[in-house]
Amino acid sequence: MNVDLLLSKIGISQNFVQDFTLLLVIVILTIGLAFLIGRHRLIQMLISTYVALALLSAFPEKYLSDYSFELVFFFVALVLVTISSKKIFGIYISGAEFMWRIFVVSFLEVVLMLSIVFTITPKKIALEYISPNAYDYLVSSEFHFLWLFLPLLFVYLIRKRLN
């Protein structure tokens, strides 16, 4: 049975289904990250994401000939920096009453990582998984900058209010 044909007969476009699926994946990853990482490691992982991105940018391109090598390098660097960051970055979101902050930071981290992944992935391959609209929201230069900047701004604002 062709699902695309069935959805088009109902009047639901493929772009809508892809956008809804992406939103559902983001929500699931946000909740999973919030509970898996927790408040003590969430900010450390955010900073580690920026460090891993900087390392990826500085790494010689001749060793990263394919996008899959870039993705593997980014995630390995992210894991290694996150593991070793406990001694470097002693920052966390305090208090159980601030659970909404944990979910917001988790959401911003998930979208940041998706933006990085789809920026590295060739457009043709990325469009097999997400709609063109979602791709533009994640990868266009304005939105990519926004996804890089918003987590830092949010962490700055919540840290300022706690002190």
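Okay, let's start with what I mean by a pocket: on a 1 Å grid over the protein atoms alone, it's an open set of points where a 1.4 Å probe fits, with protein on both sides within 12 Å along at least five of seven lines, and a residue lines it if it has an atom within 4 Å of a point. Before I use that, two housekeeping items. This is a predicted model, so to speak of a local feature I need pLDDT of at least 70, side-chain atom pairs count only at pLDDT 80 or more, and totals for chains, interfaces and linings use all residues. Residues are numbered from 1 along each chain as its sequence is written, and side-chain values use heavy atoms, with hydrogens and water left out.

The protein chain has eight helices and zero strands, where helices are DSSP runs of H or I with at least four residues, strands are E runs with at least two, and both are numbered from the N terminus. Along the sequence, then, the pattern reads α-α-α-α-α-α-α-α. There are 163 residues, and 38% of them count as buried; buried means under 20% relative accessible area, exposed is over 50%, and partly exposed is in between, using a 1.4 Å probe and protein chains only. Now contacts, meaning heavy atoms within 4.5 Å. Among those between residues at least 6 apart in sequence, 78% join residues at least 24 apart.

On to the inside. In soluble globular proteins, nonpolar side chains tend to be buried together. A nonpolar core here is a set of buried Ala, Val, Leu, Ile, Met, Phe, Trp, Tyr and Cys residues joined through side-chain atoms within 4.5 Å. The largest one has 40 residues, and L22, V105, L114, F118, I130 and L138 touch the most other members. Helices α2, α3 (39-58), α4 (67-88), α5, α7 and α8 each put in at least two residues, and α5 gives the most, with twelve. Take F118: leaving out residues up to four places away in sequence, F118 touches A126, I130, Y135, L138 and V139.

What does T49 touch, again not counting residues up to four places away? The list is F74, L78, L112, M113 and I116. T49 sits in helix α3 and counts as buried because its relative accessibility is 1%. T49 and L78 are 29 residues apart along the chain, yet their C-alpha atoms are separated by 5.8 Å. For contrast, look at S57, which lies in helix α3. S57 counts as exposed because its relative accessibility is 60%. From S57 to E70 it's 13 residues in sequence and 9.6 Å in space, C-alpha to C-alpha.

Back to the pockets. The largest has a volume of about 200 Å³, where volume is the space filled by probe spheres set on the grid points, and points are joined across faces, edges and corners. Its lining is D19, L22, L23, I26, F107, V111, N133, A134, Y137, L138, F143 and W147.

Last topic, aromatics. Rings of Phe, Tyr and Trp (its six-membered ring) pair if their centres lie within 6.5 Å; planes under 30 degrees apart are stacked, over 60 edge-to-face, and the rest tilted. The count is six aromatic pairs. F16 and F20 are stacked, because their ring centres are 6.3 Å apart and their planes are at 20°. They're four residues apart in helix α2, so about one helical turn separates them. F16 counts as exposed at 51% relative accessibility, while F20 is partly exposed at 47%.

Then there's F35 with F103, an edge-to-face pair with 5.7 Å centre to centre and 75° between the planes. This pair links distant parts of the chain, with F35 in helix α2 and F103 in helix α5, 68 residues apart. F35 is exposed at 57% relative accessibility, and F103 is partly exposed at 24%.
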